Amino acid sequence: MIKKLLALAIATSMLSIGFVATAADKGPHDSAIKGRQAMFQTYSFNMGILGAMAKEKVEYDADKASEAAANLLAAANFGQSAMWPAGSDNSDPANGRTRALPEIWSTYPAVVEKGDALKKAAAVLAEQAGGGLGALQGAMGGVGKSCKGCHDDFRAEKK
Ligand code: HEC
């Protein structure tokens, strides 16, 4: 009986912890924030595959490299108008977890230029990735720079 009560108490406290975590995550722009973060995760996933080959941690495979680079290029060309509603920056505590700085909106369209730089670099990478390890390696830097170029200005440091 005592064991059962204890189990119940633990289960209840876990539930309430779970509830607190979701409550903090219920902002007006959460779905847009999650949508753009999923896009960035897609960038990151494909860059991970390409980076591992470029650094020769994984054997180069032209088909896999081409596919990952094509995926990155596709994601870089997503239409993003619904992902960045005004007010969805990290200055409003009502928003769920986001590292999007208010400068994205206050200096608009500077951020668009950063996105265009990624599109260009990702197009070069998509052309080169299947053409051998050297070609892949040569095209990775441009993409990496375009990611960093936007993060430096528009993404908050991790807390
Ligand atoms: C045009 C600007 C821009 C470009 C280009 C860009 N990022 Fe980001 N990235 C951001 C912003 C802003 C955030 C924060 C989004 C948020 O938390 O709402 C972010 C967040 C992320 C995250 C965290 C996602 C999460 O789940 O919280 C990853 C990973 C990431 N970017 C990877 C990349 C990679 C890899 C590239 C290049 C291939 C890239 N980004 C290019 C602006 C950019």
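Apart from neighbours within four places in sequence, threonine 98 is in contact with Ile33, Arg36, Gln37, Ser88, Asp89 and Asn90, contact meaning heavy atoms within 4.5 Å. The structure is a predicted model, in which local features need pLDDT of at least 70 and side-chain atom pairs count only at pLDDT 80 or more, whereas totals for chains, interfaces and linings use all residues. Residues are numbered from 1 along each chain as its sequence is written, and side-chain values use heavy atoms, with hydrogens and water left out.

Threonine 98 is located in the loop between helix H3 (62-76) and helix H4 (103-106). With a relative accessible area of 12%, threonine 98 is buried; the term buried denotes under 20% relative accessible area, exposed over 50%, and partly exposed the range in between, for a 1.4 Å probe and protein chains only. A distance of 9.0 Å separates the C-alpha atoms of threonine 98 and arginine 155, which are 57 residues apart along the chain.

The chain contains six helices and zero strands, and its pattern along the sequence reads α-α-α-α-α-α. Helices (H or I, at least four residues) and strands (E, at least two) are DSSP runs, numbered from the N terminus. Of the 159 residues of the chain, 28% count as buried. Among contacts in the chain with a separation of 6 or more, 71% are accounted for by residues 24 or more positions apart.

Two packed helices are described by the angle between their axes and the distance between the axes. Here, axes are lines fitted to C-alpha atoms, for helices over the stretch in contact, and angles run from 0 to 180 degrees between N-to-C directions. Helix H2 (residues 30-54) packs with H6 at an angle of about 130°, the axes being 9 Å apart. H2 is therefore oblique to H6, given that angles under 35 degrees count as roughly parallel, over 145 as roughly antiparallel, 65 to 115 as roughly perpendicular and the rest as oblique. The crossing of H2 past H6 is left-handed; a crossing is so termed if the near helix is turned anticlockwise from the far one by less than a right angle, and right-handed if clockwise. On the H2 side, the contact is made by Met47, Leu50, Gly51, Met53 and Ala54, and on the H6 side by Leu133, Leu136, Gln137, Met140, Val143 and Gly144. This contact of H2 with H6 comprises eight nonpolar, three polar and no charged residues. In this classification, Ala, Val, Leu, Ile, Met, Phe, Trp, Tyr, Cys and Pro count as nonpolar, Asp, Glu, Lys and Arg as charged, and the others, Gly among them, as polar.

Methionine 47, in helix H2, is buried, with a relative accessible area of 17%. Not counting residues up to four places away in sequence, methionine 47 touches Leu72, Leu125, Met140, Val143 and Gly144. The C-alpha atoms of methionine 47 and alanine 69 are separated by 7.8 Å, at 22 residues apart along the chain.

The axes of H3 and helix H5 (residues 110-128) cross at roughly 160° and come within 9 Å. H3 is therefore roughly antiparallel to H5. Ala69, Leu72, Leu73 and Ala76 in H3 meet Leu118, Lys119, Ala122, Ala123, Leu125 and Ala126 in H5. The residues of this contact divide into nine nonpolar, no polar and one charged.

Histidine 151 is placed in helix H6 (residues 133-154). His151 (NE2), at 2.1 Å, is the only protein donor of the iron atom of the ligand. Donors are N, O and S atoms within 2.8 Å of the metal (3.2 Å for Na, K and Ca); water is not among the atoms, so sites may look incomplete.
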